[in-house]
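Here is my note for anyone opening this one up for the first time. Have the view ready and follow the points in order.

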Amino acid sequence: MLLIPCPWCGPREDDEFTFGGEADIPRPTDPDALTDEEWADYLFMRDNRRGRHREQWCHTAGCRRWFIVERDTATNQILGASTYDASP
Amino acid sequence: MSQPFRLNRGGRIDRHAPLQFTFDGRPIDAYNGDTVASGLLANGVTLVGRSFKYHRPRGIVSAGAEDPNAFVQLGHGARTLPNRLATVTPATPGLKVRHVNAWPSLEYDVMSAFGLVAPFIPAGFYYKTLMWPRRFWPLYEHFLRHAAGLGHAPDAPDPDRYDHVHAHCDVLVVGAGPAGLAAAHAAAHTGARVILADEQAEPGGILLSTCEHVDDQPGPNWADATVAKLSAAPNVTLLPNTTAFGLYESNLVLLAERLITDQPDHAGSEHGARIWRVLPKQIVLATGAHERPLLFGNNDRPGVMLAGAISTYVNRYAVAPGSRAVLFTNNDSAYRTALDLTDAGIPVAAIADVRSDPDGDLPSEARAQGIPVYPGAVVRHAHGGRRVAAAELCSLDGDPLGTVECDLLGVSGGFAPALHLHAQARGPSQWDPTLAAFAPKPGHGIHPAGAVAGELELAATLRQGTQAGATAAAAAGYSNGNEVEAPGANDSTQAPIQPYWLPPGNLARAKPQFVDLHEDVTLDDLRLSLREGYESIEHVKRYTTLGMGPDQGKLANPLATGVIAQLLGRDPASVGTPRHRPAYSPVSLGAIAGRHIGPLADPVRVTPMQEWHQVAGARFENVGQWRRAWYYPQPGESMHDAVARECLAVRRRVGILDYSTLGKIEVTGPDAGEFLDRVYTNAWKRLRPGRCRYGLMLGEDGMIFDDGVTARLDDQRYLMFTSTANAAPVLAWLEQWLQTEWPDLRVYLTSVSEHWSNIALAGPRSRDVLAAAGTDIRLARQDFPFMTFREGHVAGVPARVFRISFSGELSYEINVPADRARHVWEALVDAGRPLGITPYGTETMHVLRAEKGFIIVGQETDGSVTPNDVGLGRLISRRKDFLGKRSLSRPDSVRPDRKQLVGLLTDDPAQVLPEGGHVVDAPGPRRPLPMRGHVTSSYFSPVLGRSIALAMVAGGRATLGERLHVATLHDDRWLPVRSCNPVFYDPQGARQHV
């Protein structure tokens with residue numbers, strides 16, 4: 001079980017959350033300007049990183065807010081959580 | 001029986017509380033405080049099971065959770081429990097205990113013939129040999145599975161109740177031996193909230209098994225006093241009969257608490273269980289150590305027992321596990337057992353010690369008592385069949401030292417810390433040469449204390465426990481100087497252990513030497529595995545099934561590490577140990593399920609009209625969690641008849657459908673239109689209030705995700721309908737975009753699915769029904785045209801009425817507050833009765849929409865279908881961006897040979913195609929035939945008087961009218977069809993506009 005620190009509700013069991021994949025993949029502002037390869041890269045390619053990983057979570061069974069969790073994918077240790085406002 | 005092996009004095013049993021349980025129907029006399037195992041031993045029952053593969057006779061080996069043999073079946077009928085250990089099950093009055101894995105009986109096991117051919121069925125035998133002929137494998141497997149039975153499941157639903165408890169604490173102490181009790185005491189003293197869990201019925205652990213003193217009183221007395229103090233403390237929760245069976249991320253620890261009853265009618269000592277999900281701030285591990293067995297020929301004979309277990313039976317249960325003992329050891333602890341036996345009047349005929357010069361305090365004392373000690377000696381093999389009869393001793397060089405008669409052979413190969421929870425917490429371990437075992441590296445989050453930390457001396461264990469408890473409490477925020485002193489005990493000096501893994505040379509090659517008793521894995525199996533190249537201990541495990549039994553290899557794995565290291569000539573540290581996975585001990589499925597059974601396993605959702613449907617005789621179907629009316633058969637009607645009647649009623653007169661399950665999301669705010677523009681393929685900003693529009697929602701990959709009608713309620717308010725199944729996913733999808741990508745949009749989403757019930761009237765007379773039911777909405781065609789929305793009252797209830805149609809007929813979808821829906825439904829049915837109104841269910845709804853070629857997301861689409869594929873390319877706006885748009889121009893999305901929606905008409909109009917049937921150009925001898933597509937929907941259309949089908953066919957739209965064939969699913973026939981426009985009925989769409 002992961003104890004996920006929701007920025008609004010505090011630490012809660014992972015049962016209450018939905019995973020949303022890697023964070024920091026902004027939607028291209030002008031998709032039509034992208035080549036097929038660039039669009040496919042946005043659409044399909046993910047880093048699958050070992051170690052520190054920024055990822056999106058939603059407190060589905062709680063406040064229903066999305067936020068960003070930093071997790072070590074090798075140890076499952078959660079290193080922190082931040083709201084979208086606070087992210088770069 | 002009269003308990004011939006019960007000692008006259010001592011033990012923690014209550015001799016004033018006799019009880020009787022049965023083993024295979026035989027009455028067994030015992031006392032309160034006994035386990036099933038100690039009760040059996042007191043009555044001289046040594047044969048408790050047959051082994052898994054060879055069906056060799058097996059006896060009780062240990063006095064705890066590590067036993068590989070003592071698995072029994074408890075109780076009978078609905079309450080029976082398989083896979084329980086006699087060694088940890090408290091004896092209770094009337095308890096029915098049965099052996100497992102022997103047929104027809106324990107004494108005469110037909111399968112033991114396997115034992116005679118054991119040399120011929122090494123590891124991997126079944127899979128190598130019984131593969132041929134391959135078609136016989138199911139037969140072999142059936143036989144093998146029967147042969148390898150491990151108890152049986154209950155024959156009826158379990159009447160007991162199981163629960164899950166969620167708990168938080170500052171310090172969780174696992175294990176209530178000396179280290180655990182000391183730790184709990186020290187932690188509780190600081191005021192920290194403490195949970196102390198122990199798998200045995202009585203706390204005390206090793207203290208109950210030895211004659212050592214703590215704080216100048218006998219160990220058990222100190223344990224009792226400490227437990228009394230802890231029980232009285234308001235900040236301590238004591239959990240006996242509770243196994244910490246798994247440790248997970250965030251240090252979540254799962255405990256299985258067995259609830260013991262002595263009610264004989266339960267005929268099983270457990271009546272249910274609780275799973276505790278504990279989130280402690282700190283964990284003290286005091287899980288102890290398991291004594292290691294030793295290898296010699298026939299080392300599995302009943303009567304071969306761990307030396308420490310012998311001490312436990314003698315001291316704690318006042319039971320003599322035999323009448324004449326031989327001990328075999330490589331360390332000092334077995335000498336303590338020898339002294340315990342001598343004290344109890346049981347002669348010890350010999351101690352074979354691997355070490356050449358055992359000279360510690362204990363060996364000296366044993367010698368002084370006149371016990372014959374054989375230094376530099378080993379047991380070569382055990383004699384005897386269903387019970388040990390003698391031990392054949394020899395020197396390490398193989399020189400015979402004689403055969404010593406005995407019916408009890410105690411072994412001690414040293415102690416291996418029970419690292420399971422430590423390892424599950426990702427705590428690293430290191431090889432400790434003074435233990436010849438892996439021990440935890442210190443300083444890794446959780447606090448090991450006592451034997452699990454490699455400390456086998458009592459005084460040091462008590463100090464370590466006290467220290468760990470205080471440290472854990474301080475780490476949890478309780479460092480208020482309220483520290484307690486560690487309890488005192490005598491320090492003794494022990495001579496070092498001498499690792500002994502393999503009998504030297506060819507000692508005892510002829511007799512099987514078991515590394516894993518439960519799985520019948522022998523030394524020869526390990527040799528074979530290594531010879532065949534499976535050298536990693538994880539490969540050895542998989543090849544031989546080492547440690548895969550319900551005992552999880554607690555005794556076998558630590559032994560195997562040393563054996564493999566020696567066979568490979570490597571350092572045991574580099575061999576390692578198989579991964580320690582949960583569960584540590586078997587946990588009943590009932591406990592894992594808890595209350596999530598029956599109606600609570602998955603909630604059933606019903607609409608406010610559910611009772612009406614039931615009274616009307618509806619058959620129901622499950623749609624996700626919803627229970628929906630499927631069709632309403634009248635007496636004597638088949639499903640086909642009922643659906644045909646309902647379909648024709650809608651086409652000719654009027655039908656009424658409960659469509660409350662549709663997802664409904666209110667999208668409000670100044671930017672709501674812009675938001676819809678981004679998530680739907682078509683344009684929304686210019687939709688006028690009061691109007692409705694059909695929308696398609698795509699994933700970013702361009703594939704259809706959901707569809708439905710959205711109405712503009714007013715300037716800043718839209719109501720979006722989603723498909724029933726996608727109500728929650730669509731809301732989540734919209735929220736994600738709004739929060740993560742477009743936080744600047746002023747849009748608010750509210751799920752109103754259950755607030756508004758939805759009643760659909762469909763058919764040429766639906767306007768008349770609505771008028772008759774009473775409404776203040778003007779219904780004339782020009783006042784309330786197709787694809788518009790009006791607000792008003794229906795049957796006196798505030799209503800939102802949408803003139804939209806999923807049947808192609810004149811239709812109104814009437815949204816009313818759910819608590820008034822039943823009233824409105826009945827008012828509409830009453831008003832429609834003179835007009836022949838007919839309730840219809842989901843099956844008729846599907847036929848009607850298929851006649852119109854309307855898709856259902858998830859039936860025509862499967863996540864790989866674009867709008868153009870289903871002929872809805874006209875809904876794609878060229879003037880704006882929307883989610884998934886860019887993907888529609890990817891090369892794969894514009895292939896001309898993509899599967900496209902077509903209709904199929906069978907040559908035989910009565911033939912209904914199988915849904916899912918493969919579509920091919922023409923049958924032929926070549927298999928597999930190239931597949932053109934598949935049938936997605938198929939029905940008999942009553943209004944057309946023939947079958948219809950929708951299909952996804954590669955390049956199908958460009959070749960309408962072509963000859964195709966559809967495979968039947970079961971009888972290998974090919975049905976000739978022609979493709980056609982997927983709109984079968986009213987292709988101009990005139991009927992919905994009337």
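**Notes on a predicted two-chain model**

1. Gln3(B) is found in the segment before β1 (14–23) of chain B. Bear in mind as you look that this is a predicted model. The phi of Gln3(B) is positive, about 55 degrees, although the residue is not a glycine. That is worth a glance because most residues other than glycine have a negative phi. Is Gln3(B) buried or exposed? Its relative accessibility is 10%, so Gln3(B) counts as buried, the cut-off being under 20%.

2. You'll find Asp215(B) in the loop between β10 (213–214) and β11 (217–218) of chain B. Here the relative accessibility is 39%, so Asp215(B) counts as partly exposed.

3. Next, have a look at helix α8 (residues 333–343) of chain B. Eight of its 11 residues are buried, so α8(B) is largely enclosed by the rest of the structure. Which residues are the buried ones in α8(B)? They are Ser333(B), Ala334(B), Tyr335(B), Thr337(B), Ala338(B), Leu339(B), Asp340(B) and Leu341(B). After the helix comes Gly345(B), with a positive phi near 85 degrees.

4. Now for a pair of helices. Helix α5 (residues 178–189) of chain B packs against helix α11 (residues 458–475) of chain B at an angle of about 35 degrees, and their axes are 7 Å apart. The contact is made on one side by Pro178(B), Ala179(B), Ala182(B), Ala183(B), Ala186(B) and Ala187(B) of α5(B). As for handedness, α5(B) passes α11(B) in a right-handed crossing.

5. One peptide bond deserves a check. Pro582(B) and Ala583(B) are joined by a cis peptide bond, with omega about 0 degrees. In general, most peptide bonds are trans. Ala583(B) sits in the loop between α15 (572–575) and α16 (589–593) of chain B.

6. Stepping back to chain B as a whole: it has 23 helices and 49 strands. Its C-alpha trace spans about 115 × 75 × 55 Å along the principal axes. Of its 994 residues, 59% count as buried. Taking contacts in chain B with a separation of 6 or more, 66% are between residues 24 or more positions apart. The accessible surface of chain B is about 39100 Å², and carbon and sulfur atoms account for 53% of that. Chain B carries 97 positive and 103 negative charges, whose mean positions are 10 Å apart.

7. Finally, chain A. What pattern does chain A follow along the sequence? It reads β-β-β-α-β-β-β, with one helix and six strands. The C-alpha atoms of chain A fill a box of roughly 40 × 30 × 25 Å along the principal axes. Of the 88 residues of chain A, 38% count as buried. Its accessible surface comes to about 5000 Å², with 47% belonging to carbon and sulfur atoms. For the charges of chain A, 10 positive and 17 negative, the mean positions are 6 Å apart.

Notes
Residues numbered from 1 in each chain as written. Chains lettered and ligands numbered in written order. Predicted model: local features only at pLDDT ≥ 70, side-chain atom pairs only at ≥ 80, totals over all residues. Heavy atoms only, no water. Helix = DSSP H or I, 4+ residues; strand = E, 2+ residues; numbered from the N terminus. Buried < 20%, exposed > 50% of the residue type's maximum accessible area, 1.4 Å probe, protein only. Areas by Shrake-Rupley, 256 points an atom, 1.4 Å probe, with all protein chains shown as cover. Lys, Arg positive; Asp, Glu negative; His and termini not counted. Charge placed at Lys NZ, Arg CZ, Asp CG, Glu CD. Axes fitted to C-alpha atoms, helices over the stretch in contact; angles between N-to-C directions. Left-handed = near helix turned anticlockwise from the far one by under 90°. Contact = heavy atoms within 4.5 Å.
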